[in-house]
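User: I have a protein chain to study, and I would like to go through it step by step. Can we start with the whole chain and then look at its parts?

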Amino acid sequence: MTDLKIAGAPISWGVCEVPGWGHQLDRQRVLSEMRTAGLTATELGPDGFLPSDTGELTALLGAHDLSCVGGFVPVVLHDAEHDPADDLAGPLASLRAANAGVVVLAAATGADGYDSRPTLSERQWATLLSNLDRLARIADEAGLLAVLHPHVGTMVETREDVDRVLNGSQIPLCLDTGHLLIGGTDPLELAKAVPHRIKHAHLKDVNAALAARVRAGEVSYTDAVRAGIYTPLGTGDIDISGIVSVLRDNGFDGWFVMEQDTILDAEPTDEGPLRDVRTSVAYLGTLTA
């Protein structure tokens, strides 16, 4: 495998949109450490992490010699009384200004955090699927590709949820290897089943035993992240190499975003998250040999 398009994400440094998630590192440290780790591209991170002013945003990324590949945008899609297009407008403007290509949508519950979710009615599912296709059209008109990110604690988490999206909408997927596994989907099997539906990838490695405890309700998702459910790429229980091979063999030309969600208790006095990021980047380097 050659020429993998590899990017980073602020969540690997514990930067997250969930209130109370943990200590939030300064943007300058995160962006500097991305470059130190050898990354040349990033997703935007949560609202407020990077400047909303498009001029400031492009200047900051340029100062760190980083390009922007996309951004994670959780929006409520299942509520007929709520128009998610309004939530998408700001992120789309930032992504366009940063010359990004992808908007990564998640079907938010409307509540903070990812430790629980409601059950949708058939009517709510119909609204969600209709909104997915509508937002995909809006993104396309803005020159971006919208993908749907199955994500623990959102309305699209389980394999049944993923199949509803695949069968009921046209939107492509973001293959997040970790969230899929925790939600009960084998990411390698999904990559083999619908490779041409996958246009963006978030690469995570996972402690499968801890993931099983999350699925069983024995431990919350947040506590599992704090306990280290995500491990450096190549050190967990997901066949990252196999997934990359399947996608590339089927013509995938999108970004592989290296992500290891983490929670920090305080400002690291040593390398902190950079240590695991280096390990993951080095592992991905072996896949390009």
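**Questions on the fold**

User: Among contacts between residues at least 6 apart in sequence, what share joins residues at least 24 apart?

Analyst: This is a predicted model. Take the contacts in the chain between residues at least 6 apart in sequence. Those that join residues at least 24 apart come to 82%.

User: How many helices and strands does the chain have, and what is its radius of gyration?

Analyst: The secondary structure comes to eleven helices and ten strands. The globule rule gives 19 Å for 289 residues, and the chain's value is close to that, so it is as compact as a globular protein of that length. Its radius of gyration is 18 Å.

User: What percentage of the residues in the chain is buried?

Analyst: A residue counts as buried when its relative accessible area is under 20%. The chain has 289 residues. The buried share is 55%.

User: Which residues of helix α8 are buried, and what arc do they cover?

Analyst: Helix α8 covers residues 208-215, and its buried residues are Leu210, Ala211 and Val214. They sit on the same side of α8, because the arc they cover around the axis is only 105°.

User: What covers that buried side, and which residue caps the N-terminal end of α8?

Analyst: The cover over the buried residues of α8 includes α6, β8 and α9. At the N-terminal end, a side-chain oxygen lies 3.1 Å from the backbone nitrogen of alanine 209. The capping residue that supplies this oxygen is asparagine 207.

User: Which residues outside its sequence neighbourhood are in contact with isoleucine 182?

Analyst: Leave aside the neighbours within four places in sequence. Two of the contacts, Ala211 and Val214, are also buried residues of α8.

User: Which exposed residues does α5 carry on the face turned away from its buried side?

Analyst: Start with the buried residues of α5: Asp161, Val162, Val165 and Leu166. They fall within an arc of 135°, so they line one face of the helix. Their cover includes α4, β5, β6, α6 and α7. The face turned away carries the exposed residues Glu160 and Asn167.

User: Is histidine 78 buried or exposed, and what is its relative accessible area?

Analyst: Histidine 78 is found in the loop between β3 and α3. Not counting residues up to four places away in sequence, it touches residues including Ala108, Gln124 and Met155. Buried means under 20% relative accessible area. Histidine 78 is buried, and its value is 10%.

Notes: Residues are numbered from 1 along each chain as its sequence is written. This is a predicted model: local features need pLDDT of at least 70, side-chain atom pairs count only at pLDDT 80 or more; totals for chains, interfaces and linings use all residues. Side-chain values use heavy atoms; hydrogens and water are left out. Buried means under 20% relative accessible area, exposed over 50%, partly exposed in between (1.4 Å probe, protein chains only). Helices (H or I, at least four residues) and strands (E, at least two) are DSSP runs, numbered from the N terminus. The arc is that of the directions from the helix axis to the C-beta atoms. Contact means heavy atoms within 4.5 Å. A polar contact is a pair of N or O atoms within 3.5 Å; within protein, one must be able to donate a hydrogen and the other to accept it, and residues adjacent in sequence count only if both atoms are side-chain atoms. The radius of gyration is taken over C-alpha atoms; the globule rule is 2.2 Å times the number of residues to the power 0.38.
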